[in-house]
Amino acid sequence: MPDPFLAEFELYVMLAIARLGDEAYGARVRQQIEERTGRPVSIGALYTTLARLEAKGLLTLRTLKSEPAHRGRTRRYCRLTPRGTHALRHSATMLSRMMDGLRLVSEPTK
Amino acid sequence: VSSGHPDRPPRIARALLGLALHRDDRDAAISDLDEEFDAQARQLGRAASARWYRGQVLRSVVPALERRWATRVPLPLATEFRWAWRSIRGRGIGALAYVALVAVAVGTSTLAFSAADAFVFNRAPYPNADRVVLFERTTPVGVYSTLQPDEWQRLRQRPDVIAGLYSHGNTNNGPVPVEVNGVAEPVWTHQVSPGLFDALGVLPLFGRPLSVSDNAPGAPAAAVIAASLATRWFGDPPRALGQVIRTESGVAHVVGVMPAGFHFPTRREAVWTSLRTDPERPSGMSLGVLAPAVTLAAAQGAIDGGLTTTEHPTPLGALGSVRVVPMSQASRDPRVLTNSGAFTGATAPALFTLLFGAAICVALIACLNLAGLELASGLARGHVRAVQTALGASRGVLLRTALWEGLLLSATGAACGYLAAVWGSAIVHATLPAALDVMLLNPIDIDHRAAAFTGGCALFVWFVGSSPLVWFTSRSGVANALRRSTRAISLSRGHLVWRHIILAAQMAATVLLLSGAALFLRSYTSAVVADRNLDGNRLATIDVAVPVDASQSREERERVRNVLHERLLSILRRNPNVLSAGGASGIPPGISRAQPPSHLWIERHAAPAGLVHLAPVNGDDGYLQTLGLRVLAGRALRTGDSADSVVVDVEFARRFWPAGDALGARFITGTETAPGENAREIVGIVSHLRPGRAWSGQPVYVIHTPGPPRRLSYLVRVQDPAAIDKVAAALRELAPTARITAGFMADQYADMDGDTRIATGLTSGFAVLAFIVAIAGIYGVTALVVAARTREIGIRLALGATPSDIRRSILVPTMRVVSVGLAAGVGAALLGTHWIESLPLGVTGAGLITYVTLALGLAGAAILAGARPTRQAGHVNPAITLRAE
C-alpha cells in the first residue's frame, strides 16, 4: 500500500493527537490546534476530518459515554495507528525535505 | 437565542448542531463544545462564551453536513447534489428571486385556501354530518332552509326516506340575560327539538341530551349548556347538572353539558333549550336524517316526486324547489343553518370566492415569472452544462442535477411561503370581527395540502421550464455549446413571443388586482369614514342585563324594569362625563342581513313601490339628540304617539316621495304572505343615519318607531372616550348583579363592516404582491432581451447607432407589450366591476378614469423597472462584444 499523504489540516490533527497522547479527545485536539497555529477550528470540521482519517486507517476512535469523572459527558478519544504514525513521519519528512535549503525571504518593497 | 440559564449553552444553536452532526459524532462533539463553553464562561462570562458557541455552531454546520451526506449519499448522487448546489450559488440574486417567487405563490395560495376552507367550505364538524340533511330552498331573495307545513307533514309520513325530522330556531335576535347564582350574563341561547343532537351524532359529555319527556305538560324546563359555560359558572362541568338557570322565559334545569368544541349552529350559542314543536308543523329551520340505505339522490328524487311543492305564492313570487343537501356540504353557507343570520355569514362565500381568485391570480403571476426566470437563466447556463457534459455527465445526470436544484430552491421557497402563510393567518384571525369569528365552526388552520400542492406546482413549472433546455444543451453537442459565449444567448422568435404573452398576461392580471383593491379601498373608506354621519368614537351603547325574578308575573317584571330604566337613565344624565344620554334599542341600526326584503306599498297605490329593508330604532326623546340627528321636517316622536307613527330617514323619504310630500304620507310593508294590516304615518323626517347592509342587496333604511326601548339599552355621548368605564361603573353601583357591557359605535360599525375590511386588506395585500412580482417580471424580461441581443447591439453600435437608439429599440417593444397587457387589464376590470358590485359586499364601482390612472401608474413603474437593463444596453462596448465572438 502506498504511503498516504496528509492534507494540511489532517497533518495538524495528527500532530495534535500525537502530542496529547492518551488525553487526545475532540475538545483538547481542537484547542491544541488553535493555540499552536492560531487558526480557528470548528468542531464540525474536526470531527469530519477525524472520521476521514479513521476511514483511511490512520487513527482509531474510542467513545467513552457519560463518564462521571467528566460530568457525565461523552468523549471520543483518538489514538494513532502504526500506519498513522508512519504516515505522520512520512509527511513530516517530506515537508522537511521540501524545506531543506530553502530560504524564504519577503519580497522587496518598492 | 439563549436559554437564560447561567450554565447552559444557547439552546437553539445546540439543537441545530445536533441536527447537523453525524449520529456517531453527535454526543461527543456536543459534549466537547459544552465543556469548552463551561471553561470559557468561567473566564470570559456567559455572554462572550455564548457568542463563541454560536460561532462554533455556525462554522460547524457545513462540514458536519458534508460528513453526513458523504456517508449516506451514494457518490454519484453526492456529485449531482454538489453540482446542483454550485449551480444555485452561481445564480446569485437569481436564486433569491426564485425563492421569493415560490414563497409568494405558496404563501398566498395557502393562506387563501386555508381561509376559504374555514369560511366557504367550513365543514360541519359533526359525526353524522353526511346523513343529516338540510332542505335548501332558493327563493327570489336568497336561500333558506324552511319547510312549509304541508311539506313537513308529507315528509313525516315517509320514514323510509327521511327517518327523522327536527327543528331548531331562535326567537331572540341577540344574547339574552341568563342568571346563575344571582348574577346575570348575556348569553346566546338556541332552541332545538329533542333528539337533534343525537341525530348529529354528538352526545353530552355529562348528563343527558334533551328528550321528548322535557316537553311533556308540567315537566320542568330543561337546558343543555356548553362546557366552557359550565366551567365558568360552576367550576367543574359535572357540577352543572341539576343546577338552575333563569332566563326571561323562566327557570330551566341543566340536564347536560356538551363537550368542549361543540358548536351549533354557530360558535356563539352556549345554552340550548327544548323547542316545543307541534308535530304537525315545522318551527324554525328544518333538518332531516336520511333513512338507512337511502342515498342523497334517492331522497332528492322523492322530494321532487311530490314531497315538496313550489306552488306557495308569496309577495316575492313562487317558492323555489327544495334541494336536499347534506349538512357537511351545506354549512359552507351558514344562512341555511342560522337563517336569523349573523350578517357576515351570508357574504362569506362570495367574499372568499373573490379572495381565492385574487390569490390564484398572484400565484399564477408568480409561476409565470418563475417560468420566465428559469427560461432566461437556463439559457445562460448552457455553457456550464456543456462543461459538465464534457466531464462525462450523461443526460440523465444533467436532468437529475436540474431536478435537485429545483427541489432545493422550491423547498426553500415553499418553507418561506409556509411561514408567511402561518403569520398571515394569525393576522387574519386577529383582525377578524367578532361577528364573523362566531360563524366559523372550524378554526382557520393552515392547509398543508394547499402548501404542498403549490410547492409541487412551482417545482413542476421549474422542471418544465428547465428540462427542455437541459435536453437541448446535451443534444446540441459539447463543442458547439462551449464555442458559444455565455453572454450571447440565442433567443428564438417563438421564445420571445411566449415571453411577451407571459408579460402581457401578468400586466393584465396586475391591473385587475390593483383595480379590485382600489374598488374595495374606495368603498370601504366611503362606507366607514365618510358616510357614518356621527362621531362614533364618542358615542357609546351601554347594555344592562339584569337577573330575572321568575317568581314575579310578567307585568310585575315589566314594572320593575321600567323603574330601573328611569333610575339608570337619570344616573347617566347626571354623570359629569356624559354629554347626553337616551334610552334606545336597535342602535347601531341594522337588520339580519340574511332576512328577505319587504315590499313597500304607498297608501292609495295598488302596486308596490319597491323592495326595502327597514331597520327600526326606538327609544325615548333623548336618543335622537344624542345621535346628533336633526329633525328636517315635521317633528320627533313624543310620548303618546300612536304605534303607527313613524319618523323616517331623509334618504327613505327622498326615494319614495321625490316630490317632497313625504310628511303625513302613509305606507304599508308586506310580509311573506300578504301586505301588512296597519299603515304607518310619517310624522317627521330626520337626517341620514347609516344602517348595516343587507345580503339581498336591497337598500336598508332606518325608521324611528315610538315606544320605550325593549331592553335596558342606552346611547350615551361621552366627553372623553376613556371615561366610558367610569360611566359603566356608576351604573354598576345601582345594579351590582347586572352584567353591563359598553361599546363604542365606531367599533360596532367596524364589526358590521368587518367582511369588507378583510376583503379590502387581503385584496390590497395581494395586489401589492402582484405589483411587486409583475415589476420584477418586467425587469427580468428586459434584462433577458438585453442579454440576448448583446451581439446585435454591439454590431449596431459599431455601425453608428447611438446609445439612445439602442435604448429605444429595447424599451419600445417591451412597453408595447406592457400596453397591450394594461389595456386588457382595464377591460377586464370594467367587466369585473359589474360582478363585484353584484356581490353583497357594499362595493360600488369606480369609473374608467380610476382604472386608466392605475394603468398609467403601472406603466410608469414598468418604465422604471426596465430602465436599468436598458441603460446597460446603451453602455455595451462594441469592441469587447465583437471580440468575444
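## Strand E23 of chain B

In which sense do strand E18 (residues 610-619) of chain B and E23(B) pair, and over how many bridges? In this predicted model, the two strands pair in the parallel sense, over 6 bridges. Within E23(B), B:Ile703 has B:Pro616 opposite. Strand E20 (residues 645-649) of chain B runs antiparallel to E23(B) and is joined to E23(B) by 2 bridges. Here B:Val647 stands opposite B:His704.

Strand E23 (residues 700-705) of chain B is largely enclosed by the rest of the structure, because 6 of its 6 residues are buried. B:Val700, B:Val702 and B:His704 point one way from the strand, while B:Tyr701, B:Ile703 and B:Thr705 point the other way.

## Nonpolar cores

The largest nonpolar core has 59 residues. B:Leu370, B:Met507, B:Leu513, B:Ile778, B:Val818 and B:Leu822 touch the most other members. Helices of chain B that each supply at least two residues of this core include H12 (343-380), H18 (493-530), H24 (754-788) and H26 (803-838). Apart from this core lies another, of 41 residues, among them B:Leu196, B:Phe197, B:Leu200 and B:Val271.

Beyond its neighbours within four places in sequence, B:Met507 is in contact with B:Ala774, B:Ile778, B:Val818, B:Gly821, B:Leu822 and B:Leu858.

## Surface patch on chain A

A:Leu95, A:Met99, A:Leu102 and A:Leu104 make a nonpolar surface patch of about 420 Å². A:Leu95 belongs to helix H4 (residues 82-99) of chain A. With a relative accessible area of 47%, A:Leu95 is partly exposed. In soluble globular proteins, nonpolar side chains tend to be buried together.

Key. Residues are numbered from 1 along each chain as its sequence is written. Chains are lettered from A and ligands numbered from 1 in the order in which they are written. This is a predicted model: local features need pLDDT of at least 70, side-chain atom pairs count only at pLDDT 80 or more; totals for chains, interfaces and linings use all residues. Side-chain values use heavy atoms; hydrogens and water are left out. A nonpolar core is a set of buried Ala, Val, Leu, Ile, Met, Phe, Trp, Tyr and Cys residues joined through side-chain atoms within 4.5 Å. Buried means under 20% relative accessible area, exposed over 50%, partly exposed in between (1.4 Å probe, protein chains only). Helices (H or I, at least four residues) and strands (E, at least two) are DSSP runs, numbered from the N terminus. Contact means heavy atoms within 4.5 Å. Patches are made of residues with over 30% relative accessible area and no salt bridge: like charges are joined within 9 Å, nonpolar side chains (Val, Leu, Ile, Met, Phe, Trp, Tyr) within 5 Å. Accessible areas come from the Shrake-Rupley method with a 1.4 Å probe; for residues, only the protein chains shown count as cover. A salt bridge is a side-chain nitrogen of Lys or Arg within 4 Å of a carboxyl oxygen of Asp or Glu. Two strands pair if DSSP finds at least two bridges between them.
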